[in-house]
Amino acid sequence: MVHAKYSREPKGEASKACKARIVDVRVHFKNTYEAAMAVRGMNLQKAVRYMQDVCEKRRCVPYRKFLGCVSRTPQCKEWKVSQGRWPIKSCKIVIGLLRNAESNAEFRGLDSDNLIITHVQVNRAKKGHRRTYRAHGRMGAYMNSPSHIEMICEEQPEDVDKPPSTKKAKKFTKSQLGKSKLRVGGGV
């Protein structure tokens, strides 16, 4: 088995991150791309809940890139777009990948409630070739468009309070001082 290489490494510490990927999964690339981009930047638990809501058609996946012939739905107002769908098969695959990332995080001793999805990438995989019968004895291509999906989740850093800063006196140039005096009425 070949060692998988990710397109990107975690932004922060590698010990505070977990990865998950799936290769040659038979789901449509365009639908999977839009579903995966919808969960990028989300909390891991929120992303799982969101994908489950999409499977039950309570929320939709916004289509931003591959939106030819995609109809409009009022559920997309949440995302400030007008076009969206409910790609159930793609969402189930993404849910499985999220659960895999969660188990990888628990194995590494990370807090799964505090994980943020920082990187998601969906690539086209090699097409599956089949044939279909056409008129007049010809054959036509009948191909599928599978996907490779990879994901990196990182623990959200704890917020640190900003120390109280001492106010420094503003420094002005001579011309700025002169202009301010004219505005106030101290000049000629």
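Which residues are buried in helix 1? The legends below, drawn from a predicted model, begin with that helix.

**View 1. Burial of helix 1 in the predicted model.** The buried residues of helix 1 are Phe29, Asn31, Thr32, Tyr33, Glu34, Ala35, Ala36, Met37, Ala38 and Val39. Helix 1 is thus mostly covered, with ten of its eleven residues buried. Its buried residues pack against helix 2 and helix 3, and also against strand 2 (61–62), strand 3 (84–85), strand 4 and strand 7. Just after helix 1, Gly41 adopts a positive phi of about 90°.

**View 2. The packing of helix 1 on helix 2.** Two packed helices are described by the angle between their axes and the distance between the axes. The axes of helix 1 and helix 2 cross at roughly 140° and come within 10 Å. Angles over 145 degrees would count as roughly antiparallel; helix 1 and helix 2 are therefore oblique to each other. Their crossing is right-handed. Helix 1 contributes Ala35, Ala38 and Val39 to the contact, and helix 2 contributes Ala47, Tyr50 and Met51. By class, this contact has six nonpolar residues, with no polar and no charged residues.

**View 3. The packing of helix 2 on helix 3.** Helix 2 (residues 44–55) packs with helix 3 (residues 88–107) at an angle of about 160°, and their axes lie 9 Å apart. That angle makes helix 2 roughly antiparallel to helix 3. The crossing of helix 2 and helix 3 is left-handed. On the side of helix 2, the residues in contact are Leu44, Gln45, Ala47, Val48, Met51, Gln52, Val54 and Cys55. They meet Ile88, Cys91, Lys92, Val94, Ile95, Leu98, Arg99 and Glu102 of helix 3. By class, the contact of helix 2 with helix 3 has eleven nonpolar, two polar and three charged residues.

**View 4. The largest nonpolar core.** In soluble globular proteins, nonpolar side chains tend to be buried together. The largest nonpolar core here has 39 residues, and those with the most contacts inside it are Tyr50, Met51, Val61, Leu98, Ile117 and Cys153. At least two residues of this core come from each of strand 1 (17–25), helix 1 (29–39), helix 2, helix 3, strand 4 (115–124) and strand 7 (147–155).

**View 5. The surroundings of Ile117.** Leaving aside residues up to four places away in sequence, Ile117 touches Val39, Arg40, Gly41, Met42, Leu44, Ala47, Leu98, Met151, Ile152 and Cys153. Among these neighbours, Leu98 and Cys153 are, like Ile117, listed with the most contacts inside the core.

Definitions and conventions
Residues are numbered from 1 along each chain as its sequence is written. This is a predicted model: local features need pLDDT of at least 70, side-chain atom pairs count only at pLDDT 80 or more; totals for chains, interfaces and linings use all residues. Side-chain values use heavy atoms; hydrogens and water are left out. Axes are lines fitted to C-alpha atoms, for helices over the stretch in contact, and angles run from 0 to 180 degrees between N-to-C directions. Helices (H or I, at least four residues) and strands (E, at least two) are DSSP runs, numbered from the N terminus. Angles under 35 degrees count as roughly parallel, over 145 as roughly antiparallel, 65 to 115 as roughly perpendicular and the rest as oblique. A crossing is left-handed if the near helix is turned anticlockwise from the far one by less than a right angle, and right-handed if clockwise. Contact means heavy atoms within 4.5 Å. Ala, Val, Leu, Ile, Met, Phe, Trp, Tyr, Cys and Pro count as nonpolar, Asp, Glu, Lys and Arg as charged, and the others, Gly among them, as polar. A nonpolar core is a set of buried Ala, Val, Leu, Ile, Met, Phe, Trp, Tyr and Cys residues joined through side-chain atoms within 4.5 Å. Buried means under 20% relative accessible area, exposed over 50%, partly exposed in between (1.4 Å probe, protein chains only).
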